[in-house]
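Please open the structure in a viewer and keep the selection tool at hand.

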Amino acid sequence: MHEIIQITWGAIVSFILAFTVGITYMGLNRKITARIQNRIGPPWYQNFIDVIKLGSKQTSIHHGVMQHMGPAFIMVTSVMSLLIIPILNQNRFFPNLNFHGDLVFLLYIMVFGPLGMALGAGQTGNPNSAIGVTRGLSQMAGFEIPWVMALVALMIQYKTTSIVDLMNIQVETGKWLMFSSPFAFLAALLAMLGMFRYAPFDIVGAPQELASGPMSENGGKYLFVMMSAGSVFAFAKLTLYVDLFMGGANNLIILVVKTFSLYLFPMLYGIVSPRYRTEQSVRYFWGWPSLFGLLAILHAMFF
Amino acid sequence: MIYILFSILLGGAILTFLANKISGLLRDTFFLLTMLGATLIFYTQLHIGGLVNFSIGSFNLEWGVNSFSWYFSLIVLGLGTLAAFYALSYMKGKENLGFFYFSFLISILSMLGIVMSHDLISFFIFWEMMTWSSYFMVIYSGKNVQKNGINYILFSAFGAYAMLTAIALVYANIHSLSIVEMISNYGQFSPALQTWIPILFLMAFSVKAAMMPLHVWAPGAYSDSPMAYTSVFSGALSKMGIYGMILIFVTMISHLPDDTWFREVFAWLGAITAIMGTLWAIAQDDARKLLAYSSVAQLGYIITGVAIGTDLAMLSALFLAALHALFKGTLFMAVGAVERQTGTVKFSEVTGLIRKMPWTFIASLLAIIALAGIPPLGGFVGKWMLYESLINSNHYILVIAIFFASTSAFLYCYKFLFGFFLGQEEKEWAHVKEAPALMVVPMLLMAGFLVILGTFPGILLKPADTAMQTLGFAPTEGHLWSMSVLFNAWGDQVLLRPLVYAIAGIFLFFLIILTVKGWKNTRYVTTKDISSSGEVPLEHENLTFSVNFYQPFLRAVGPVMKHRMITWYREFGAGMETIFDFTRRIYTGNGQTYAIYVMVFLVIILLLQNTIFG
């Protein structure tokens, strides 16, 4: 019983942290994008205002049970990955559910939510939702390949499927994995572009084209939950990358510095890029990123 | 007891067939009683290790049950019984029902016969019975007999000849047809025979397991059979191929000095089957075809597991085999339910059934989650064990291939659910009602079992483990759980179950928040009440997106899908026809031409008489 309470507290605290940081990053993204495009842009806390507004709005319609459950599905992915990914080194302050082999579990739990939300989006009957979903799934089949290659390379090289073990190795040797397995890092970094869905890979939401894709027909409380889930998940993903490749973090300030510098990559890459078509996006991930993934596996097998 | 089991099934089949002439009720009763009786006897009276033997002529036939065959009988009888209930309702009002039920029971009988045979003669006879009874099902509808029926029977015949050759080779060498003796004498065969006998057997089994490049019959045959039988066809009958493969791999291939390349080739064939099956499944508009290709792909995973052959790989193959029977059985039944209620199985024709057929939707949803291998359902456990075994046995590129197939599987999974159940609700389908309880309950039972397996996989893993010990794998009693990281100490004292509970807890928590907040104000509106491009669609406008669903993805993988096995076979067939055509020009069927041949022959003889007769 004591453990359950501890885990629940850990979940709540890390949720609040991830929510705050994630939303701030989204706001900073808007600000930075605006400054690069020579606009003034909204203040960095604009996304807080948006979320609070959505949360306090009254929702009057839904299109059925699946749509109603969709945001809950996506929340499962966000919170579960937050629970499995260690936030600080040696599980400091944030107790969680990690175990040997959480890498594979994470791969699958990361698609649980999007698929559940896709079902919800499907029930709205809006054609844009379904088109967005098919694009999203196609793109996922694309970027999962280099991503899995990178993870398999790490698994071979360090003979473990546990995130905590990989972090401990970095702490013990004092060398970040992005230097000791550079190809895996490259493959994972390029796969991250697809995960964050910023341009040129923003084919799912596709502003001006699909009218926000799977999100359309969702408003008020539904959009509120989705947006929170999105920002929590963004933070979880960034933390995972920091844990795997950048030696984890000993305290929250280092964590924020590392995650934000990592976050700059998909953001800045996106600002200067136009949008790919779906098949171009899919093929992109099967090109250079997968080649790096293959090199990573070879590197891990023979060195 | 085995006699009684077989006579019940055979007698029941004949009685059912005859009762059809008298009354429908009598026929249904006989059918159900036979199925239930057989299942009951199997579970209560049959003992593992029991043997019966008798002689016909000079051949000694031997039947028996061991833990390995028991595991497969579990799949056959479990799925068979549920499918039988389903069939009663699904087949109501169709023609030739006596014929259908007869073939159904005979194919159940032959599958049980295959796993219980201890000699090659009865194995072969039951194998052929299985082929023929399923062939009757493929041509039952009377559509595409020329195409799909011929395809199926041709490939099956090819497999059967390969098996017969192998059996003849074995008999010529050891003068015995007992499977046990074949295995024990295997070491004394000449090296050439040692390679050829397993290859011939594996050819026969690959045909039934629909492995590339022998899978060509599968999509047509699966989709042409009545859905009540297809669930057995894809769920259980294809597993007979797996049963044979496991036997061959464990008892023969592992004794070969150079078994590694053998295993690699088969593992890769399995992976390619999985990838290509998945890609083709994505391209289908017909739900039956989609599931058929998906079956081919899923069998690919199992073949890979069998071919790798480590303890964990074999365990995952056995687990996935039972799991595939469960979820594919459910899905084919769901398609049958949709087909019966709406009259079509095309995704582009029927949409928005979720509110009309909610139970079918729930069953399909659970089956799809298991198929995709997403936690917390049983599929995840099977997939996990497969990945882990591949990584532990240093098959890294194979892991990527399998992972690609299973990620791409999400695409057709979503297509299946979206195509039938989601999208805009149309007036055309407003009359559709949920399928009868007799069809829905078997689906829900199997789907429920999949949920339970996600948290308690031991229910199936224990019998699978016992089955493996029969095959000579090391006993893992007591430490079955230490084979995979999934089951042993999960790092920080966490087990699989807490994770499942966590998932359920988080889901419920947010669902309650969503529901409670603004409970009174939120109301349901139809799917026509949406805004698309700033306009609200009219009542008759259907905006559902279902044609060319994954076109961009298919464009991206286009180069891979350009080559099809079927074209190769067609060209091979055309080439053969040219040869036959040439022969036909010699044998014209015209008496005068033959007279000329005789004359020419005589002239040649006369001219060369000195040389020939000296």
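**The interface between the chains**

Begin with chain A and chain B in separate colours: across their interface, 16 residue pairs are in polar contact, both residues of each pair being at pLDDT 80 or more. The model is a predicted one, and the values quoted on this tour are computed from it.

Next, select α14 (358-372), α15 (378-392), α16 (396-421), α19 (496-516), β3 (523-524) and α20 (551-556) of chain B; each supplies at least two residues of the side of chain B that touches chain A. Which of these elements gives the most to that side? It is α16(B), with 14 residues. Colouring this side of chain B by residue type will show 47 nonpolar, 16 polar and 6 charged residues.

Now extend the selection to both sides of the contact, which takes 69 residues from chain B and 74 residues from chain A. The size of an interface is often given as the accessible area lost when the parts come together. For chain B and chain A the buried area is about 6300 Å², and carbon and sulfur atoms give 77% of it.

How many salt bridges are counted between chain B and chain A? The count is 1. To view this salt bridge, select B:Arg555 and A:Glu279, whose closest N and O atoms are 2.7 Å apart.

Then move to strand β1 (residues 61-62) of chain A, which is joined to β3(B) by 2 bridges, the strands running parallel. Show A:His62 here; its bridge partner in β3(B) is B:Tyr524.

**Within chain A**

Over all chains, the structure holds 10 salt bridges. One within chain A is found by selecting A:Asp202 and A:Arg275, whose side chains meet at 3.2 Å, N to O. This pair links distant parts of the chain, 73 residues apart: A:Asp202 is in the loop between α8 (182-196) and α9 (220-245), while A:Arg275 is in the loop between α10 (252-271) and α11 (278-286).

Remain in the loop between α8 and α9 of chain A and select A:Pro200.

Next, select A:Asn38 in the loop between α1 (2-36) and α2 (46-56) of chain A. Although A:Asn38 is not a glycine, its phi is positive, at about 65°. As background to these selections, most residues other than glycine have a negative phi, and most peptide bonds are trans.

**Within chain B**

Turn to B:Pro213, in the loop between α8 (191-208) and α9 (218-224) of chain B. B:Met212 and B:Pro213 are joined by a cis peptide bond with omega of about -5°.

Finally, colour chain B by its domain assignment: domain 1 (271-476), domain 2 (501-548) and domain 3 (564-613). The C-alpha centres of domain 1 and domain 3 of chain B lie 53 Å apart.

Methods: Residues are numbered from 1 along each chain as its sequence is written. Chains are lettered from A and ligands numbered from 1 in the order in which they are written. This is a predicted model: local features need pLDDT of at least 70, side-chain atom pairs count only at pLDDT 80 or more; totals for chains, interfaces and linings use all residues. Side-chain values use heavy atoms; hydrogens and water are left out. Contact means heavy atoms within 4.5 Å. Buried area is the accessible area (1.4 Å probe) that two parts lose on being put together, summed over both. A salt bridge is a side-chain nitrogen of Lys or Arg within 4 Å of a carboxyl oxygen of Asp or Glu. A polar contact is a pair of N or O atoms within 3.5 Å; within protein, one must be able to donate a hydrogen and the other to accept it, and residues adjacent in sequence count only if both atoms are side-chain atoms. Helices (H or I, at least four residues) and strands (E, at least two) are DSSP runs, numbered from the N terminus. Ala, Val, Leu, Ile, Met, Phe, Trp, Tyr, Cys and Pro count as nonpolar, Asp, Glu, Lys and Arg as charged, and the others, Gly among them, as polar. Two strands pair if DSSP finds at least two bridges between them. Domain bounds come from an automatic or database domain assignment.
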